[in-house]
Amino acid sequence: MPSWSLKLSAVFITLFVLVGSFDYARGHLKNPNAPLQPPVADRPAATSATPTPAPTIGPLLTTRPGQRPPTITPGPRLTLAPGVRTATLAPITLTHTS
Amino acid sequence: MDPQLFVWIVARATGVAAYIALCLSILSGIALRTSVLDFLAKNRALRSLHDFMAWIWIPLGSAHVATLLLDKTAQVAPLDLVVPFQVSYAPAAIGLGTVSLDLVVLVTVTSWLRRRMDDRLWHWVHRTSYVAFVTIFLHSLLSGTDFSSPLISSISWSAALGIGLLAASRIVFGRLPE
């Protein structure tokens with residue numbers, strides 16, 4: 001067997017292993033079965049959602065003279081999960097009047 | 001891709017590839033002087049492959065070491081490449097890698113300086129490559145992230161088994177003279 005064919009085979013075997021293990025490592029970034037689990041040096045700072053001010057709603061109902069104003073029962077309060085931020089869209093308001 | 005993530009992936013891939021290249025280098029070296037494989041003793045192609053493999057594993061091993069130095073999670077300092085067992089975590093597993101690196105550098109440099117060295121001394125230094133291989137194998141077994149993968153594990157164990165069998169046959173059946 002010529003020398004160059006042996007060398008070429010060795011280069012191909014090593015390249016095959018290199019590309020294969022690169023692809024494997026890219027697909028398995030974290031291996032829970034790895035023998036070493038070094039402590040992470042720089043943990044990213046926990047991001048906290050900045051609370052947006054509660055929208056203020058103007059008077060929605062107008063009452064005629066002599067009419068009892070309707071009692072407004074408070075609607076369900078919207079509570080957001082810590083990571084959820086409110087959108088900058090106009091708040092949904094009640095337009096229905098009786 | 002995040003640069004730190006890329007460095008980590010390259011460190012793992014070059015570690016496995018350097019291990020395989022070193023195994024091929026050691027296998028071709030043992031095969032040249034084992035009496036069971038006496039028909040290979042005068043094989044110039046195999047001898048040429050043994051010399052050539054250094055040009056494969058040196059860049060791969062260097063890339064493995066360089067990327068581990070750049071990797072913040074690995075926490076390997078430049079001094080750890082020379083002085084073993086100094087790393088703050090898993091000093092034995094990583095220190096074995098340092099021992100193997102030191103030995104492999106010693107074997108390679110003395111091979112390049114062989115003509116200027118005493119032949120007996122060179123042989124004894126060259127035999128430390130067996131110790132180097134054992135430490136490389138233990139280093140990859142104890143610290144290799146991908147060693148638990150069935151495919152990579154089977155390749156690594158097969159290469160180690162091949163070297164072990166050839167080394168055992170060399171001990172049992174003898175070594176061919178120069």
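Q: Are α1(B) and α6(B) roughly parallel or roughly antiparallel to each other?
A: This is a predicted model, in which local features need pLDDT of at least 70 and side-chain atom pairs count only at pLDDT 80 or more, while totals for chains, interfaces and linings use all residues. Helix α1 (residues 3–32) of chain B packs against helix α6 (residues 150–173) of chain B at an angle of about 20°, with the axes 10 Å apart; axes are lines fitted to C-alpha atoms, for helices over the stretch in contact, and angles run from 0 to 180 degrees between N-to-C directions. Angles under 35 degrees count as roughly parallel, over 145 as roughly antiparallel, 65 to 115 as roughly perpendicular and the rest as oblique. So α1(B) and α6(B) come out as roughly parallel.

Q: What is the handedness of the crossing of α1(B) and α6(B)?
A: A quick word on labels: residues are numbered from 1 along each chain as its sequence is written, while chains are lettered from A and ligands numbered from 1 in the order in which they are written. A crossing is left-handed if the near helix is turned anticlockwise from the far one by less than a right angle, and right-handed if clockwise. For α1(B) and α6(B), the crossing is left-handed.

Q: How many nonpolar residues does the contact of α1(B) with α6(B) have?
A: Two residues are in contact if their C-beta atoms, placed from the backbone, lie within 7 Å. On the α1(B) side, B:V16, B:Y19 and B:I20 are among those that meet α6(B), whose own contributors include B:I152, B:I155 and B:R170. Ala, Val, Leu, Ile, Met, Phe, Trp, Tyr, Cys and Pro count as nonpolar, Asp, Glu, Lys and Arg as charged, and the others, Gly among them, as polar. Besides one charged and two polar residues, this contact has nonpolar residues numbering 14.

Q: Where α1(B) passes α5(B), are the helices roughly parallel or roughly antiparallel?
A: Helix α5 covers residues 119–143 of chain B, and its axis comes within 11 Å of that of α1(B), crossing at roughly 155°. That angle makes the pair roughly antiparallel.

Q: How many residues of chain B are in contact with chain A?
A: Chain A has one helix and zero strands; helices (H or I, at least four residues) and strands (E, at least two) are DSSP runs, numbered from the N terminus. On the chain A side, 27 residues take part, divided into 19 nonpolar, five polar and three charged. The number on the chain B side is 33.

Q: Is B:S143 buried, partly exposed or exposed?
A: B:S143 lies in helix α5 of chain B and touches A:P35, A:L36, B:A90, B:A93, B:I94 and B:G97, not counting residues up to four places away in sequence. A residue is buried if 20 or more other C-beta atoms, placed from the backbone, lie within 10 Å of its own, exposed if 12 or fewer, and partly exposed in between. With 22 C-beta neighbours inside 10 Å, B:S143 is buried.

Q: What is phi of B:A90 near?
A: B:A90 sits in the loop between α3 and α4 of chain B. This residue is partly exposed, because 15 other C-beta atoms lie within 10 Å. Phi here is positive in a residue other than glycine, near 45°.
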